[in-house]
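Here is a short briefing for a first look. Open the structure beside the text and follow the topics in turn.

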Amino acid sequence: MNVALLSGGVGGARFARGLEAVLAPGELTVVGNVGDDVEVLGLHVSPDLDSLLYALAGLNDEERGWGRAEESWRVLESAAAWGGEDWFQLGDLDVGLHLVRTQALRRGEPLSTATARLAAAAGLATHLLPATDDPLRTWLETPAGTFPFQEWFVARGHRDEVDAVRFEGEADAQPAPGVLEAIAAAETIVIAPSNPYVSVHPILAVDAIRAALASRQVPCIAVSPIVGGRAVKGPADRMLRRMAGGTTSEHVAACYAGLIDALVVDEADGPGSGIRTVVTRTLMTDPAAARALAETTLRAAA
């Protein structure tokens, strides 16, 4: 079974690993969000692509939930001592990846080519694609002002309530090579349990990707990021309450109106109305739980 997964970072990465455990090598293609991308100390950082890469390669830090395992921070400490910015946490092992990516981009390579090279170096059988090679950046409109994603999320600790989300560059953004082909070849399309507004909507901001989902001939299943009315991690629940009016299954499904055939929800939230819901345990406490969720999601497409 060929599966195309649209995914953000940490939660999506755990789910991607669950899917990879269920599918045969090479059957999974992950289309990752790049709206979070940021330049730090001259390095191009792709946080969601990196979370996906690290998780699929077994290199991620399970306790912290992001970044590399067995990380250290001496480079960042040194940069800060010389007056450099240190608000964005770059670990020593992490810097190595960013150096290679940044060098490739400065040579004129597109992000998709650099990502493919990194995935190959990590030994991945799963295909990892950025949603677009074009500049596409997420901005948050809040009562305190309008901020680029990483300033709002990291520097300001996502404490500001969000009134609207916009995507700079969406008018010109084209799908990265292989994205539309992966969607067309998929027997099932899945939307990961990622924040709809800042992890999945940046992918859907690429018009051709949204159009491909809208005209799909195969099932598209979304997995809710909400458990018991709350986000497992991050501000998804706060954003849903403020912008959608609540955190029920109906509110989550409305974020993907016209694009999904079913929504997988946690048993603590129960079935919804208006769209087919599949109730199961969605909390991915370990690899076995992630695999079980992946199996349930694929069965929902049958």
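**Briefing**

His127 is partly exposed, with a relative accessible area of 40%. In these terms, buried means under 20% relative accessible area, exposed means over 50%, and partly exposed lies in between (1.4 Å probe, protein chains only). The model is predicted: local features need pLDDT of at least 70, side-chain atom pairs count only at pLDDT 80 or more, and totals for chains, interfaces and linings use all residues. Residues are numbered from 1 along each chain as its sequence is written, and side-chain values use heavy atoms, with hydrogens and water left out.

**Around His127**

- His127 sits in strand β5, residues 127–130. Strands (E, at least two residues) and helices (H or I, at least four) are DSSP runs, numbered from the N terminus.
- Apart from neighbours within four places in sequence, His127 is in contact with Gly26, Leu28, Thr29 and Val30. Contact means heavy atoms within 4.5 Å.
- A polar atom of the His127 side chain lies 3.3 Å from the backbone oxygen of Gly26.
- Gly178 is 51 residues from His127 along the chain, and their C-alpha atoms are separated by 9.4 Å.

**The largest pocket**

- The largest pocket holds about 1,000 Å³ of space. On a 1 Å grid over the protein atoms alone, a pocket is an open set of points with protein on both sides within 12 Å along at least five of seven lines, while a cavity is a set where a 1.4 Å probe fits but cannot get out; lining residues have an atom within 4 Å of a point. Grid points are joined across faces, edges and corners, and a volume is the space filled by probe spheres set on the points.
- The lining of this pocket counts 41 residues, and Gly9, Val10, Gly11, Phe153 and Lys233 lie nearest its centre.
- Helices α1 (10–22), α2 (47–56), α4 (92–106), α6 (149–155) and α8 (196–204) each give at least two residues to the pocket lining.
- α2 gives the most to that lining, with 5 residues.
- The pocket lining has 19 nonpolar, 16 polar and 6 charged residues. Ala, Val, Leu, Ile, Met, Phe, Trp, Tyr, Cys and Pro count as nonpolar, Asp, Glu, Lys and Arg as charged, and the others, Gly among them, as polar.

**Cavities**

- There are 3 cavities of 30 Å³ or more.
- The largest cavity has a volume of about 70 Å³.
- Residues lining the largest cavity include Val10, Ala13, Arg14, Asp61 and Trp66.
- α1 and α2 each supply at least two residues of this cavity lining. The largest share, 3 residues, comes from α1.
- By class, the lining of the largest cavity divides into 4 nonpolar, 4 polar and 2 charged residues.

**Arg216**

- Arg216 lies in the loop between α9 (207–214) and β10 (220–223).
- Arg216 is buried, with a relative accessible area of 18%.
- The side chains of Arg216 and Asp261 are joined by a polar contact of 3.1 Å. A polar contact is a pair of N or O atoms within 3.5 Å; within protein, one must be able to donate a hydrogen and the other to accept it, and residues adjacent in sequence count only if both atoms are side-chain atoms.
- A polar atom of the Arg216 side chain also lies 2.7 Å from the backbone oxygen of Leu213.
- Beyond its neighbours within four places in sequence, Arg216 is in contact with Ile189, Gly258, Leu259, Ile260 and Asp261.

**Cysteines**

- The whole structure has 0 disulfides. A disulfide is a pair of cysteine sulfur atoms within 2.5 Å.
- The closest cysteine sulfur to that of Cys220 is in Cys255, 14 Å away, which is too far for a bond.
- Cys220 is buried, with a relative accessible area of 0%.
- Cys255 is buried too, with a relative accessible area of 11%.

**Positive phi**

- Most residues other than glycine have a negative phi.
- Leu41 is not a glycine, yet has a positive phi of about 50°. Leu41 lies in the loop between β3 (38–40) and β4 (43–45), and is partly exposed at 39% relative accessible area.
- Glu70, also not a glycine, has a positive phi of about 55°. The loop between α2 and α3 (74–81) holds Glu70, which counts as exposed at 77% relative accessibility.
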